[in-house]
Amino acid sequence: MTSALTDPTEAPSSGDALPSWTTDVTRNESSLRRFLAGLPGVDPVGIEQRAAALATRSIKKASKLAAIDLAIAMVDLTTLEGADTPGKIRGLARKGIDPDPGTEGVPHVAAVCVYPDLVEAAVEQVRGTGVKVASVATAFPSGRSSLAVKLADTALAVRAGADEVDMVIDRGAFLAGRVGLVFEQIQAVKQACGSARLKVILETGELATYDNVRRASWLALLAGGDFIKTSTGKISPAATLPVTHVMLQAVRDWREATGQLRAVKPAGGIRTTKDALRYLVAVREVAGPQWLDPHLFRFGASSVLNDLVMQRRTQLEGHYSGPDYVTVD
Amino acid sequence: MTHLGVPKTYKLFIGGAFPRSESGRTFAVRRADGTLAANAALASRKDGRDAVVAARKGFGSWSRATPYNRGQVLYRMAEMLQGRRSEFVALLTQGSDAGSDAAGAEVDAAVDRLVHYAGWTDKITAVFGSANPVSGPFFSYSAPEPTGVVVVLAPTGSALLGLVSAVAPVLASGNACVLLTDQDPCVAVTFAETVATSDLPGGVLNVLTGVLAEVAPHLAAHADVNALDLTGADPTLRASLAADAADTVKRVYVPAGTPDFTAPPGTARLRAFVEIKTVWHPVGALALSGGTSY
Amino acid sequence: MTSTHLDWDYAPAPESPAIGAVRDRYLPFVDGVFAEGRGPDLDTVSPGTGERLATVSTSGREDLELAVAAARRAQQQVWGPMSGAERSKYLFRIARGVAERARELAVVETLDNGKPIKETRDFDVPTAAQHFFYHAGWADKLQHLGLGPDPAPLGVAGQVIPWNFPLLMAAWKIAPALAAGNTVVIKPAETTPLSILVLAEIMADADLPPGVVNVLLGAGDLGSALVTHPGLDKVAFTGSTAVGRQIARSLAGTGRPLTLELGGKGANIVFEDAAQDQAVEGVVNGVFFNGGQVCCAGSRLLVQESVAEEFLARLQARVETLRVGDPMDKNTDVGAINSPAQLARITALVDAGVSEGATAWRSSCPLPERGYFLSPTIFTDATASMRIAREEIFGPVLTTMTFRTPDEAVAKANNTPYGLSAGVWTEKGSRAMGMAAALRAGVVWDNTFNRFDPAASFGGYQESGFGREGGRAGMAAYLRTDDEPQLAPQPTEAGA
């Protein structure tokens, strides 16, 4: 079971047959809107308190080391700056392949995540290492462009060898109730991805309510997104624990409803090992242990990797490490 | 030529109707000079049971009535009592050596007492309730609600004013009442007639005339009675009724001394027959705060 | 290099018992002094291990007399005459003291009671401190309670508290009594005597005058002697309805004010339009908080028939993730049952449920080999007439029934002689408010459950007791509030 899950080519994908009710609800915009509006609500106080309560879970000793390794293996090591260069990407990729040079047994990250024009540079670096290349696309981060431009953006990334595409949804359209439009755009981008896995960025900070996060999650899942992802990292709040809870509930319920396993990626704002471990606890408790797998859960982050490496050393060496002992890339 | 009077039969008041005692028993009410004033129904255990059934039914509608509506009904009772002033003066003077001035003053005070409580109905929640500043993202409030079916043993020595002073606060907060009296049954039943024409829903007030020690123990032990006002019982009866009430954890009101019904009443009787209910409701942040609402 | 599916689970994360600094022997606290009691010694057992935790010296009848006399003296000479502002400062000191020794108190409570350290750390102890802090503020503001211009204390209060929240119940009882100017003789349950003795140390360290709070130790017979003691002016009891009845009966005719906080059979009502995930959490919290050993537990689940199957599946999946075990482990969700006797009572009721034909589902979480534990249990196919649907189980056992319409839900929820708590789960605001009004329970939680705050009055309808704790109504329970005017006492024949 585990091997099937960890190998993207064997994992169930959105191309598999979906139950017939999904065809009914996605028939047109009004049926889709009715379905999304009919999803159970989310009580904000309840979900926030549940998230806070779970965050007090204490992880010790061997569990902590294993959890740190898992977290490292789930990182989508990201740089999304206007000033990015092939040189910067080269450093990032090396870091992702071997996060703590000279230390045995440190896993590589899941992927490096870059802009489309830098995919090629990243692919060159990670070839043969198991580290994947993810690219944002679709007029990231605002998504404010035509579908044609979004598809061209996607094609650019895929042609350059991206294994994964991180698209943004049109939040304006979603908030205006034009869920059919959002659905069609995700479908189209999914098609443009080919064999690349599609991460659908909901930009939850702009959706404003947990109910909207739940509806957007289901919308993305229905349209074929392999991942639902919280944020671009450009909007505050980015990923939060309660928002991630809602999304984990969505993939859990999606499996219940369809038998398919889909993935979740919180991104932005996860900076410390403590943060990362809290997310892993949430994954385990809300979605289930099955999701404790880089194929099904990712962290969109950059600075967290160094903290994970430092904490890993602390676990092994028995004393605190310092920032001068891990690399700045 | 003199007109031959038509004497009234004093019956019980249960569920808005005036039945005889199911036992068929009556007792003689005599004037101060010993002549027969009337025959009154002598309530039995089963009459008590019927009254509780009626009260439970009455509680449903009365407790749900708006406080404004309850206030209007209590005020209507004051109006009706005022209209029967002379009848009550006659009754109060026939059964005792009270002069008509004193009797008139008692009726006036009883009218004023009803008006007083008519004005309480829509204040009780505000005065005895609260919005609770809890430490968490919750709107919490506490509000008094009526306890349910309250059995009142009518106070002694104040046939009308004492009765009204005991019954009105029970009704004001939305309870239903079974009044049991061994005081002048003519006053109690005539008050019931007053109530019957005051828009009070049937069963909200029920009046049983008879012997406290015979009927009260059954009511004190009755599982569908929620509270007792033992003002009218002597210390021995109070103790045994309170013990009977313990099995179903009833609320029991016993005044600290002998109440002075002529004075402004305070709030102890109002507070004795309410339950404070606390309600909690989450207050959600209006944005995805990530948990900053707590 | 492994890059996929690293194995990960929680390792035990135990709190250190040493923090509790549990001593071998504990003494009653009377008139400001910890002194040997005249009763036989009693061992207190740690439910998480089943092993002896400490020995306590129990109080005899003579100790009771001494305690009541000390409390009387303190009330008349010191505490009653003291200004409210001064009393309030003592209470603030106690609140601070509880907060300062919070970690120790949490460990002591968990060791002695068996509830998870997570709960004592995050709920019992901080809430106890909060109760002292809240009530401290009332001590010099009694005239603002709405009970007249100068409410008077009752005198000496006798208080008996249960084992399910030993420290918190002590705070609930002592704080308002002291704020109102009363003094206290209090007895904790015999299975959980330790945390209140740490509290007594805190009070002694705060220089609380001797006799203001006296802690007697012993079993039910001592409690019975305490509550019926003629030297008291107020009795407050939290515990079972059966004992509450006895107390009410024994105090009949004394005119002594009584507060009873008794049992319950709370309904947790889930509508089809509820926020399902939060409702699942609320139901779990409602009946598995403190292992269901909570008077206001949501022990009856009423779920709308249209979503019942799906909801129960989610609920069971969630209950499967509850970690049952060592109360000292910070990751334990459900700890130990307080005593073998309580475990036997729960087990007997569970057996009754099975033999009456309900379906019992039990969490597969492994239980520790020692200590007193029970798997979280959910009964389905229960009917209203079964014992498990009517009697208080006081354990991690949920009885599930269904309903079709809101009025049916209200009828079923109210169909109990109890009336302590109820929960309502619906996203429809008007229905939530309507249900809150219709439910005959002292506390109604809409879209949440088991929330407590000293500012919010708590107490029952019907056989769940009378009187309130917390808020203004809670203060009223410790003050002379009968403002009904009285006639002057009748002159005697001789004097007339």
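This is a predicted model: local features need pLDDT of at least 70, side-chain atom pairs count only at pLDDT 80 or more; totals for chains, interfaces and linings use all residues.
**Extent of the interface**

On one side, 52 residues of chain B take part; they touch 47 residues of chain C. The size of an interface is often given as the accessible area lost when the parts come together. Here about 3,800 Å² is buried between chain B and chain C. Carbon and sulfur atoms give 52% of that area. Three residues stand out on chain B: Val249(B), Lys277(B) and Trp280(B). They supply 17% of the area that chain B buries against chain C, more than any other three residues.

| Link between chain B and chain C | Count |
|---|---|
| Salt bridges | four salt bridges |
| Polar contacts (both residues at pLDDT 80 or more) | 33 residue pairs |

One salt bridge pairs Arg271(B) with Asp483(C). Their closest N and O atoms are 3.7 Å apart.

**What chain B brings**

Several elements of chain B give two or more residues to the side that touches chain C, including helix 5 (124–128), strand 4 (138–146) and helix 9 (235–246). Strand 10 (274–282) is also among them. Strand 10 of chain B gives the most, with eight residues. By type, the residues on this side of chain B are 27 nonpolar, 16 polar and nine charged.

**Strands across the interface**

Strand 10 of chain B also pairs with a strand of chain C. Three bridges join it to strand 17 (residues 443–446) of chain C, and the two strands run parallel. Within this pairing, Thr278(B) has Val443(C) as its bridge partner.

Conventions:
Residues are numbered from 1 along each chain as its sequence is written. Chains are lettered from A and ligands numbered from 1 in the order in which they are written. Side-chain values use heavy atoms; hydrogens and water are left out. Contact means heavy atoms within 4.5 Å. Buried area is the accessible area (1.4 Å probe) that two parts lose on being put together, summed over both. A salt bridge is a side-chain nitrogen of Lys or Arg within 4 Å of a carboxyl oxygen of Asp or Glu. A polar contact is a pair of N or O atoms within 3.5 Å; within protein, one must be able to donate a hydrogen and the other to accept it, and residues adjacent in sequence count only if both atoms are side-chain atoms. Helices (H or I, at least four residues) and strands (E, at least two) are DSSP runs, numbered from the N terminus. Ala, Val, Leu, Ile, Met, Phe, Trp, Tyr, Cys and Pro count as nonpolar, Asp, Glu, Lys and Arg as charged, and the others, Gly among them, as polar. Two strands pair if DSSP finds at least two bridges between them.
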